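I set out to record backbone details and helix packing in this structure. My entries follow the order in which I looked things up.

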Amino acid sequence: MNDIYFIGMCISMLIYIAIGVMVSRKVKNIDDYYVAGRHAPTFLISGSLIASYVGVALFMGDAAESYGGIFSPIVFLAIMQTAGYIIGAVFFGRYLRRSGVMTIPEFFNKRFASKPMKVIAATTAIITMSVYLISIVQGIGTLMNTVTGVDYKICVTLALVVFTFITVLSGSRGVLITDTLMASVFTLAMILAALFISHRTGGWFNSIEKIASNPDMSSLLSWSGKLGVLYDSGAENIFWAFIYGIVWMSVCMVGPWQCSRYLMAKDESTVVKSAVPAVIGIALIEFLACIAAVFVNLENPNLEDTSKVMIWASMNMMPKILGVILMTGILAAGISSATTFLSLVGASVANDVLVNKKNKIAIGRVTMVIVSAIVLCLTLTNPPQIFWIAYLGGSIVSASWMPVALASILSKRLTKTGAFWGMLVGFVTCFSLKLYSNLTGITLPVYLEPSFVGMILNCIAMIIGSVLTKVTVEEKQAREMLFIVPDGEKNPDSVKKTLNVVKCMAIIGLIIAAFLIVFWVYPYMRAL
Amino acid sequence: MEIVLCVFLGLWISGAGILAYYWIKKEMSSYIDTNKDKENKQ
């Protein structure tokens, strides 16, 4: 057993539990428990957005793909998706918050005056988040087992007990605080890790030049990536990245584990402002994790299990203390995502499924414990399939939720029938194609990517359903209500500040492009 | 080609920012204008 890593991980988990216990004392009512009292500031919303997005799949999946040769497509899709935070906050998050609901399925119910809409939204959300939770727990178990040498089952059980305890006790308020703390830990850990790894391989720019000038490695940082790893041509690789960029952008826009954070924001300005740190934070973490994994090739190009590239780097290329910080940071990323997913499943069952029950906090807590027990059983009885399940979750959200969520705000003609069939067709299409592809082992052509096909069929079903039926008075009024600006949001100074923040996003896009050119493209092209 | 990707990403995020700016401006300016109208009427 690798004692120091195990001790480090246990200490970090104890800290998160202690915070959970402290926060739980402030939970006084249902709003506190499920939507953090609806007065969370920008830094907590941003922290939770980052923490619930960044999970083990990033540090073990995206890093592994970059190490294996497709750095450019991965970074392309990862940065492309961050635009979803701006679009999601402005075109969906503000209206979601304005509706005053507790969960997103409740929003669809209110918007379309339709219980079937709530049922299908709640069902897809609960299924997606539960399976996603399994992938996160499997990822945490694999990470802890590899690093510490402690039995996989013990690791899984330990992590599950910790995040269940935090979530059940402190609710969304505790999740926001622990998420933000964990996001700070893994962001700092990743920055330090990338600097140390590049230092070990000869310095940042020198490492890029070494890779570029080595004929066997130069494709690792090229625009096309290493051909054959994903597809046989660079154009196909970038097209794949573009499709997945849209898919994950949809997740950032309307994914329940992302936009539910906006329900907790203290005002609409906070919703919009929180998008800025989320864009910068996720773009930075993705870039650093991926390029650090590419640098590892200079030290060890023959790792058998590429998913463990960051674990190998932390144990072999960094000072021990920094390795421990990075591993606890990755663990934090996994636990923070798990707390968000578990709290959302509990909230959805208590508010959307068992609507008429009185003690919703107790129901939510019991649900979370039951879901955790089921997740534990499924995790222990199934082999780890971290990335397949994680990608399935993202794909389903983009195929079933994204078109309906945006159209529910932007379209006057969308009816409940159109929305219902759109969501159902998107879900069934994406799920079936993914299942078929995985069961048969057949790789579908890039243009038949399940989420992409699901999104298109979703839109077609929405249009047909809306053409065949008429918008009712209730639906019309529900949509009009969303466009009534609340009194608290009418302060001209606050509006001006919000507009300035959004204006900054236009500049931040250019800064990100310049950053990529300076820290990747220019040194790479100079050495070719 | 790598530069093209970077420029595309920059414009993609900037484009989202510009779109969001005009949407909020359109929605909120009508409120601010109404206030000005009220002030003028008074």
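I first looked up Ala113(A), which counts as partly exposed because it has 15 C-beta neighbours inside 10 Å. By definition a residue is buried if 20 or more other C-beta atoms, placed from the backbone, lie within 10 Å of its own, exposed if 12 or fewer, and partly exposed in between. I note that this is a predicted model, in which local features need pLDDT of at least 70, side-chain atom pairs count only at pLDDT 80 or more, and totals for chains, interfaces and linings use all residues. Residues are numbered from 1 along each chain as its sequence is written, while chains are lettered from A and ligands numbered from 1 in the order in which they are written.

I located Ala113(A) in the loop between helix H6 (104-112) and helix H7 (115-148) of chain A; helices are DSSP runs of H or I, at least four residues, numbered from the N terminus. Its phi is positive, about 45°, although Ala113(A) is not a glycine. Most residues other than glycine have a negative phi.

I then turned to Arg38(A), in the loop between helix H2 (30-35) and helix H3 (42-53) of chain A. Arg38(A), also not a glycine, has a positive phi of about 55°. I counted Arg38(A) as partly exposed, because 16 C-beta neighbours lie inside 10 Å.

Lastly I checked helix H19 (residues 416-440) of chain A, whose end C-alpha atoms are 36 Å apart. Just after H19(A), I found Gly441(A) with a positive phi of about 75°.

Terms used. Helices (H or I, at least four residues) and strands (E, at least two) are DSSP runs, numbered from the N terminus. The expected span of a helix is 1.5 Å times one less than its number of residues.
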